[in-house]
Amino acid sequence: MSGHSGVNVLRVARIFDGERLHPGGGVVVAAGGRITEVRLGEHPDSLELIDGTLLPGLIDCHVHLCADAGPGALDRVPDATAEELSVTVERSLRTHLRAGVTTVRDLGDLRGAVLSRRPEAWNVVASGAPLTTPGGHCWFLGGEVRGPDDVRRMVRERAAQGADVVKVMASGGVFTPGTDTAATQFTDEELTAAVDEAHAHGLPVTAHAHAHAAIWQALRAGVDGIEHCTSVTASGAYVDDELTGALAASGVAVCLTLGSDPAVVVPPEVIAMAARAGLSQSILQEGVARLIRAGVRVVAGSDAGLGPAKPHGILPRTLEEYVDSGMDPADALASATVRAAEACGVQNRKGRIRAGFDADLLVVAGDPVADITALRRPLGVYLGWGGGPADRG
């Protein structure tokens, strides 16, 4: 790396540009936080060669910055003070950055703790509190609504607060007692009202949907994204061919939220909750495999922050589990770069190594296209490289 007159230069052995690997590497130049030049295959002797792979900074499309990833993290969020939430959000972001994740989409805010940071946090895409039914999944975050008019009002509030996306809890969730992961939460009219109002304000909608019925409902309503997509029914979870075909044809961004720390022993009560919903690691990965084979537009998201098995910065493990489920490694990388940027609405400045794009960069030892676990070995993380003194993670 070299820097002079505000210009920064990296010479690397390999470059993954967001879509494909360039095994001959080359030189990337940045200034003012933006990439100014990409010279593939060039290797001037005056620059030190980094024997690694340069990628766009990774994008995690599903995180919970207000949750600290400790035991019962989500349950403790409502009782946190504004100062405690601010500290947790900052720590969460720094942990992501150390893992090579330079942009996140937060889908579970409380009292605007994340939205209030949007003016200065240009690497955060945020929904604010998700819309849910009274007593529905994550009701304690403050987004309870009932009826189309109330739904439209809440969407307008999110738009006024500066949200980048509207999240709707289309089904129940594992971590909210009393909700049903196999059932819809909203009526068709309510969910359509949310989508129509959000689109009228230029905002996309992503739907938390475990239930098979909720996934179909979300597709009918015209959502832009679906979170989890586990296809739970009263008799278990199974992603059938009709659903995979419809998802693939729709072009909806599906965020499958795999990825967990295998060293963490999951508490028996959490395993029991998941079992009651018909979910297990093998069932989840089989569903992911079917979606991948069908050509569904999969994006990367980890659900980071929920607990010890889902720490912030776990996205490299998410991509490993995508690959274990049958996804090509280059496609897995694209799910966390170019496709993730599209899903987050930042495709014109993030997710690619290209002149004019933000200089959010990750260098890892080895070749992640040959071995996706190379993402666990970051050599350098750069956020808005060349834009100021604190641009390296």
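**Figure 1. Cys138, a buried residue in a loop.** In this predicted model, Cys138 is buried, with a relative accessible area of 3%. The loop that holds Cys138 runs between strand 9 (124-126) and helix 3 (148-161). The backbone angle phi of Cys138 is near 60 degrees, which is a positive value in a residue other than glycine. Most residues other than glycine have a negative phi.

Figure 2. The title residue, Cys229, is placed in strand 12, and its phi is near 55 degrees. This value is positive although Cys229 is a residue other than glycine. Cys229 counts as buried, at 2% relative accessibility.

Figure 3. Is Glu227 buried or exposed? At a relative accessibility of 0%, Glu227 counts as buried, because the limit for that class is under 20% relative accessible area. When residues up to four places away in sequence are not counted, Glu227 touches Cys61, His62, Arg105, Leu107, Thr206, Ala207, His208, Ala209 and Cys255.

**Figure 4. Ala67 in the loop between strand 7 and helix 1.** Strand 7 (58-63) and helix 1 (73-76) are the two elements on either side of the loop in which Ala67 is found. Ala67 is buried, and its relative accessible area is 1%. Which residues does Ala67 touch, not counting residues up to four places away in sequence? They are Ala73, Val77, Thr88, Ser92, Gly305 and His312. A further residue, Leu55, is 12 residues from Ala67 in sequence, and the C-alpha atoms of Ala67 and Leu55 are 28 Å apart in space.

**Figure 5. The aromatic pair of Trp139 and Phe140.** The count of aromatic pairs comes to two. In one of them, Trp139 and Phe140 form an edge-to-face pair, with 5.8 Å from centre to centre and 75 degrees between the planes. The pair receives this name because planes over 60 degrees apart count as edge-to-face. Trp139 is partly exposed, with a relative accessible area of 40%, whereas Phe140 is buried, with a relative accessible area of 17%.

**Figure 6. The aromatic pair of Tyr382 and Trp385.** The ring centres of Tyr382 and Trp385 lie 5.3 Å apart and the ring planes meet at 55 degrees, so this pair is tilted. Tyr382 is buried, with a relative accessible area of 3%. Trp385 is buried as well, with a relative accessible area of 2%.

**Figure 7. The whole protein as the setting of the close-up views.** The secondary structure of the protein comprises 11 helices and 17 strands. The radius of gyration is 20 Å, close to the 21 Å that the globule rule gives for 393 residues, so the protein is as compact as a globular protein of that length. The C-alpha trace spans about 65 × 40 × 40 Å along its principal axes. Of the 393 residues, 58% count as buried. Among contacts between residues at least 6 apart in sequence, 68% join residues at least 24 apart. The accessible surface comes to about 15,000 Å², and 52% of this surface belongs to carbon and sulfur atoms. The protein has 34 positive and 48 negative side chains, and the centres of these two sets lie 3 Å apart.

How values were computed
Residues are numbered from 1 along each chain as its sequence is written. This is a predicted model: local features need pLDDT of at least 70, side-chain atom pairs count only at pLDDT 80 or more; totals for chains, interfaces and linings use all residues. Side-chain values use heavy atoms; hydrogens and water are left out. Helices (H or I, at least four residues) and strands (E, at least two) are DSSP runs, numbered from the N terminus. The radius of gyration is taken over C-alpha atoms; the globule rule is 2.2 Å times the number of residues to the power 0.38. Buried means under 20% relative accessible area, exposed over 50%, partly exposed in between (1.4 Å probe, protein chains only). Contact means heavy atoms within 4.5 Å. Accessible areas come from the Shrake-Rupley method with a 1.4 Å probe; for residues, only the protein chains shown count as cover. Lys and Arg count as positive and Asp and Glu as negative; His and the chain ends are not counted. The place of a charge is taken as NZ of Lys, CZ of Arg, CG of Asp or CD of Glu. Rings of Phe, Tyr and Trp (its six-membered ring) pair if their centres lie within 6.5 Å; planes under 30 degrees apart count as stacked, over 60 as edge-to-face and the rest as tilted.
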